[in-house]
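Student: Here is a protein model that I would like to go through. Could we take it one part at a time?

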Amino acid sequence: MSVRRLAPDHVQPASFAFDPANENWADQQIAKYPEGRQASAVIPLLWKAQEQHDGWVPRAAIEAVARKLGMAPMRVMEIATFYTMFNLQPVGEHFIQLCGTTPCALRGAEAIRKVCEDVIGPQSTVSADGKLSWLEVECLGACCNAPMVQINFDYYEDLTPENFTALLDDLRHGRPVKTGSQIGRSGSEPLGGGETLKDPALYDGTVIGAGDWQKRVAEQRKAAAEAAAAKAAAEAEAKKAEATPAAVAEKPASETAAAGRPKPSGTAQPSGAANDTPAAGGKPSPEAVKESAKPADNKPAEPVAAKAPEATGAPAGPESKPELLTAARDGKGDDLGLIWGVGLKLAKMLNEMGVWHFDQIASWKAEELAWVDARLTGFKGRATRDDWVSQAKKLATGWRPDSAVGDKPVK
Ligand code: FES
């Protein structure tokens, strides 16, 4: 390895500045980083400075990069002297980096080094014509084709003193040169060509059963297509049979009638019971189930929709509007949910009606109870059935049930 020092003062330029194009490029690089992290662009900027300054980084360029990035010059100096990608000394037009690491050394790098010394001179010096300079570096990652050198941006491999000498001569005189292996090797395969992995079967998938797999998939697709076709044919046949007059005649009357009209949507429901619940015509809503979940006999609740209007217990007698409030007294109503049979929905309905307190309900006469019962949309008759008046009388005394849903009335 070479010593990483700045070039002597007599070769250092007095100043350095990016040309307009590179200045613009540098600004774009800096803009890639968040505010306050502009120093992250130091390596790209040093690289661009080296590119602009004939392949090496003078002190003035280090200082210019430091100024541009707001860094201490020493911090940029540390980076420039650490990475061998930055040349600190002038280099030739063709800058040769000779790999001297073990594999290359074992394969003749020393002889290549001797050529460099003989043809160019000591490392880190530029030939008198300015065309060539060289430097020994660590492994460049092309060990398979050792020994090798990197010249500017290209690799030259499988070097011998003879072909390397000729290569340098061609470069010096501007003649075309061949990059890569100098002995015709393809990639990094063995000398004389590849010796393994030559079986074509390795590359058509048969080794891993890809052929069988493809055949299996093809068979599965064919079977699926045949099954789909058979199903479609059977369905078409069934439709055809259904459409015949004989088939229609064989069907039960109820079935044939139902087929031609909409499904009943609550004909068996009490008036409004299901209609007033979100689940009308289908599954009763959780709320509707809760409201109907307190039958007097404590049996499993029947869906509201299953009850006939008469079965709800809605009184048919005279009605009288009870005393109603516009709002709860003192801004706070009683917990009407403590009345067995009153859930959230019924409590809300009562509040909207003007009923907020137990003593209101407790005071209802039969006509007033009938008036309220007739207006419990979806729950008509519930107040009578669950004897809200008796429950409310008890609750109005301050008594409270153990359950948050109240005590089932005893009849
Ligand atoms: S040792 Fe020379 S390229 Fe790796």
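**Loops, helices and cores**

Tutor: Asp-54 sits in the loop between H2 and H3, where helices (H or I, at least four residues) and strands (E, at least two) are DSSP runs, numbered from the N terminus. This is a predicted model, in which local features need pLDDT of at least 70 and side-chain atom pairs count only at pLDDT 80 or more, while totals for chains, interfaces and linings use all residues. Residues are numbered from 1 along each chain as its sequence is written.

Student: Is Asp-54 buried, exposed or partly exposed?
Tutor: A residue is buried if 20 or more other C-beta atoms lie within 10 Å of its own, exposed if 12 or fewer, and partly exposed in between, with C-beta atoms placed from the backbone. Asp-54 has 14 C-beta neighbours inside 10 Å, so it counts as partly exposed.

Student: What is the value of phi of Asp-54?
Tutor: Asp-54 is a residue other than glycine, and its phi is positive. The value is near 55°.

Student: Which loop holds Asp-387, and what is its phi?
Tutor: Asp-387 is found between helix H15 (382-385) and helix H16 (388-396). With 18 other C-beta atoms within 10 Å, Asp-387 is partly exposed. Its phi is also a positive value in a residue other than glycine, near 50°.

Student: How are H1 and H2 oriented to each other, roughly parallel or roughly antiparallel?
Tutor: Two packed helices are described by the angle between their axes and the distance between the axes. Axes are lines fitted to C-alpha atoms, for helices over the stretch in contact, and angles run from 0 to 180 degrees between N-to-C directions. Helix H1 (residues 20-31) and helix H2 (residues 42-52) have axes 10 Å apart, at an angle of about 165°. Angles under 35 degrees count as roughly parallel, over 145 as roughly antiparallel, 65 to 115 as roughly perpendicular and the rest as oblique, so H1 and H2 are roughly antiparallel.

Student: Which residues in H2 meet H1?
Tutor: Two residues are in contact if their C-beta atoms, placed from the backbone, lie within 7 Å. On the H1 side the residues are Asn-22, Trp-25, Ala-26 and Gln-29. Those in H2 are Pro-44, Leu-45, Lys-48 and Gln-52.

Student: Which residues touch the most other members of the largest nonpolar core?
Tutor: A nonpolar core is a set of buried Ala, Val, Leu, Ile, Met, Phe, Trp, Tyr and Cys residues joined through C-beta atoms within 7 Å. The largest has 26 residues, and those touching the most other members are Ile-96, Leu-98, Ile-112, Cys-116, Trp-134, Met-148 and Val-149.

Student: Which strands each supply at least two residues of this core?
Tutor: Helix H6 (109-119) and helix H7 (161-172) each supply at least two.

Student: What is the omega of the cis peptide bond at Pro-147?
Tutor: Pro-147 is in the loop between E2 and E3. The cis bond joins Ala-146 to Pro-147, with omega about -5°.
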